[in-house]
Structure formats: structure tokens, C-alpha cells
Amino acid sequence: MKALVVHPGQPISLEDVPVPQHDAECLIRVAMAGICGTDLQILQGYAAFSGIPGHEFVGIVESAPAKDKRWIGKRVVGEINIGCGACEWCAAGVKEHCIDRAVVGIRRHEGAFAEFLTLPAVNLHVVPDAVDDETAVFVEPVAAACRIFEQTEVARSSQVAIVGDGRMGLLVAQVIKTATPKVTVFGRHNSKLAVARTLGLATAIATDSESRRFDIVVDVSGRPEGLTRALELVRPRGTVVMKSTFHGEAPIVSWPIVVDEVTLVGSRCGPFAPALELLASHAIHVKPLISRVAPLEEYASAFAEARHALKVLLAPS
Ligand SMILES: [Zn+2]
Ligand SMILES: [Zn+2]
């Protein structure tokens with residue numbers, strides 16, 4: 001099959017590789033895969049990953065282990081953490097913190113920038129007909145946005161700032177807006193802020209001084225300085241949700257966190273079921289974020305575009 005492959009210290013390349021085989025996992029033909037910030041970081045060396053990257057996908061189950069035959073032919077999206085099944089985290093159903101986990105396209109498991117990938121049936125969710133492929137490919141990042149509701153109470157009266165106007169910022173902002181109308185996106189890019197406004201979101205320039213008035217600030221800037229900016233915006237006893245994973249350190253002055261008694265919350269993967277519901281009910285809109293759908297062969301220009309565009313999708317088959 002065709003796949004994009006990362007080898008340590010080398011640029012990503014399109015290769016002919018064997019179709020992956022795992023006896024305990026379903027084989028999925030990938031219809032669409034999304035390029036996200038984490039993938040761009042992996043290309044820079046984040047997570048020291050080698051293999052096939054890509055973890056946002058939708059596809060059709062081609063074959064399955066005997067006990068999972070009912071999945072064959074289903075159109076699915078998939079949770080990306082694969083637990084060991086034996087540790088305390090896995091026993092508690094929290095496979096995203098399993099010490100020995102594999103993560104699709106990020107850690108010890110082949111990813112979705114290929115014609116096929118494999119996943120255990122327990123990770124799969126059927127995509128309703130109301131959600132087309134170009135929308136379904138957003139389930140994983142929308143689920144990550146939904147994780148915030150499990151960690152922090154967002155009230156109808158909460159004032160929320162989103163630091164970052166990129167693909168994840170505009171998804172997080174829309175998800176938060178289902179809980180409170182008072183959401184402001186802070187960004188640096190006029191074109192992306194314009195898209196945010198068409199989605200009904202309030203916007204502000206990144207440097208606008210609106211200091212210390214937000215109950216909750218979500219840093220999705222993907223930049224080291226995003227956390228500093230978030231700490232400037234949050235009110236005393238407010239909450240900063242950290243959603244940026246990047247390869248490197250974030251220099252911050254820590255005393256204001258102590259003096260203002262700010263709660264810092266790290267936040268990663270989230271629940272797929274509410275994400276699918278939000279997309280199926282059109283409570284959030286993803287089509288305005290898509291700048292291009294490219295075949296695998298055009299990966300070089302697709303990745304280049306993904307560095308400045310909102311969302312670039314790959315269509316492997
Ligand atoms: Zn991602
Ligand atoms: Zn485990």
C-alpha cells in the first residue's frame with residue numbers, strides 16, 4: 001500500500017509498504033485523514049516517532065478478527081490510544097494514560113497517512129450517515145475539545161478566552177460556545193479571525209489588552225508564549241486549560257499563578273460520542289476550516305499548506 005513514512009532524521013516520504021497486520025485489530029481502509037499540529041510537530045521530531053504518522057481519520061472496516069466481524073463494512077472513526085489491557089489505568093477504562101499504551105501515528109502504532117491502518121474494535125465508533133467524510137475526520141480533535149467539559153465547569157455565564165486562531169482554536173471555541181455565549185478568540189491572523197467571525201465567534205487581536213477578566217482561558221496557540229498570554233488574560237482564581245503540545249519548552253514567570261491562585265489544567269484526548277453528536281447536530285461547523293483535500297502524492301505541498309492554512313485533509317484511497 002501507499003503510505004507516508006517518517007524515518008529518524010529524514011524528511012517524510014511516500015513509500016510502498018506492506019499492509020499492516022495485527023491479529024487482534026480491525027483493518028480499516030482510510031477514506032480521509034486530517035493533518036494536525038501534532039503531525040507537523042512529529043515532522044520536527046516531537047515524540048521521536050518513526051513510522052506512518054496521522055491520527056485523525058475516517059474509513060471503512062475491511063476485515064476484522066472473528067469476534068469483531070460485525071464491524072466489517074462499517075464507516076468508522078477511531079480513538080487513538082491503545083492500552084495494554086492489563087494495568088490499573090486500563091482496568092479503570094482510561095487507556096489514554098496506560099503506561100504501556102500505543103498511540104496511533106504518534107507512539108508505536110502505524111497511523112492514518114496510508115491506504116490502510118489497523119485498530120482494536122474497542123476503539124471504533126460508527127459514523128452516522130448525517131456526518132460526511134470531510135466532517136467525520138474532525139471527530140478526534142473535536143473530542144479533544146470536549147475533554148475540557150470533563151475537566152472544568154463551563155457555566156452559561158462563564159467568560160472564556162481562546163488563545164490561538166488556528167484549526168484547534170476554532171474547534172475549541174465552537175465547542176465551548178455550546179456551553180456559554182461569551183467566547184472570544186485571540187489571534188494573530190486576520191484571515192483566520194475572519195473565519196472565526198463567520199462561525200459566530202467574537203474575536204480580538206492577540207495583543208489586545210483585556211487583562212484578567214476571563215474565568216477560563218484555553219491556550220491552543222501551539223506556541224511556547226501562549227501560556228504567558230493565557231496567564232495575562234485569566235482572572236484571579238480563574239482556570240487556564242493547556243491544550244498546546246509542542247516540541248520544546250515554555251518559559252513562564254510562575255509567581256502570578258501563585259499570587260492569583262490560578263488553576264492550570266493539562267488537557268489532551270477526549271470522548272468521541274459527544275463529539276459525534278455535536279457534528280451530527282451541526283452545533284459546530286468544520287467545512288469553513290478546510291482549505292484543501294489532497295491525494296497522498298501531493299503530501300509535500302499539503303504539509304507546506306498545513307503550516308499556515310486552517311485544515312488540510314489527505315485522501316489516501
Ligand atoms: Zn491531532
Ligand atoms: Zn494499560
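Is Cys98 buried or exposed? Cys98 is buried, with a relative accessible area of 0%; buried means under 20% relative accessible area, exposed over 50% and partly exposed in between, for a 1.4 Å probe and protein chains only.

This report describes a predicted model, in which local features need pLDDT of at least 70 and side-chain atom pairs count only at pLDDT 80 or more, while totals for chains, interfaces and linings use all residues. Residues are numbered from 1 along each chain as its sequence is written, chains are lettered from A and ligands numbered from 1 in the order in which they are written, and side-chain values use heavy atoms, with hydrogens and water left out.

## Zinc sites

Donors are N, O and S atoms within 2.8 Å of the metal (3.2 Å for Na, K and Ca); water is not among the atoms, so sites may look incomplete.

| Ion | Donors | Distances |
|---|---|---|
| Zinc ion (ligand 1) | Cys36 (SG), His55 (NE2), Glu56 (OE) | 2.0 to 2.8 Å |
| Zinc ion (ligand 2) | Cys84 (SG), Cys87 (SG), Cys90 (SG), Cys98 (SG) | 2.3 to 2.4 Å |

The site of the zinc ion (ligand 2) is tetrahedral, with angles of 102 to 119° among its 4 donor atoms. Four donors count as tetrahedral if all angles lie between 85 and 135 degrees; four count as square planar and six as octahedral if opposite donors are over 155 degrees apart and all others between 65 and 115; anything else is irregular. Along the sequence, the donor residues of the zinc ion (ligand 2) have the spacing C-x2-C-x2-C-x7-C. Cys87 lies in the loop between β6 (81-82) and α2 (88-91), and Cys98 in the loop between α2 and β7 (102-103), so this pair ties together parts that are 11 residues apart in sequence. Helices (H or I, at least four residues) and strands (E, at least two) are DSSP runs, numbered from the N terminus. Cys84 is partly exposed, at a relative accessible area of 36%.

The structure holds 0 disulfides, a disulfide being a pair of cysteine sulfur atoms within 2.5 Å. Cys26 is in no disulfide, and the nearest cysteine sulfur, that of Cys90, is 18 Å away. Cys26 counts as buried, at 0% relative accessibility.

## Cavity and pocket

On a 1 Å grid over the protein atoms alone, a cavity is a set of points where a 1.4 Å probe fits but cannot get out, and a pocket is an open set with protein on both sides within 12 Å along at least five of seven lines; lining residues have an atom within 4 Å of a point. Grid points are joined across faces, edges and corners, and a volume is the space filled by probe spheres set on the points.

There is 1 cavity of 30 Å³ or more. The residues that line the largest cavity include His55, Phe57, Val77 and Phe272, and β5 (75-78) and α4 each supply at least two residues of this lining.

The second largest pocket has a volume of about 190 Å³. Of its 13 lining residues, the closest to its centre are Glu79, Glu96, Cys269, Gly270 and Pro271. Helix α4 (residues 139-151) gives the most to this lining, with 3 residues.
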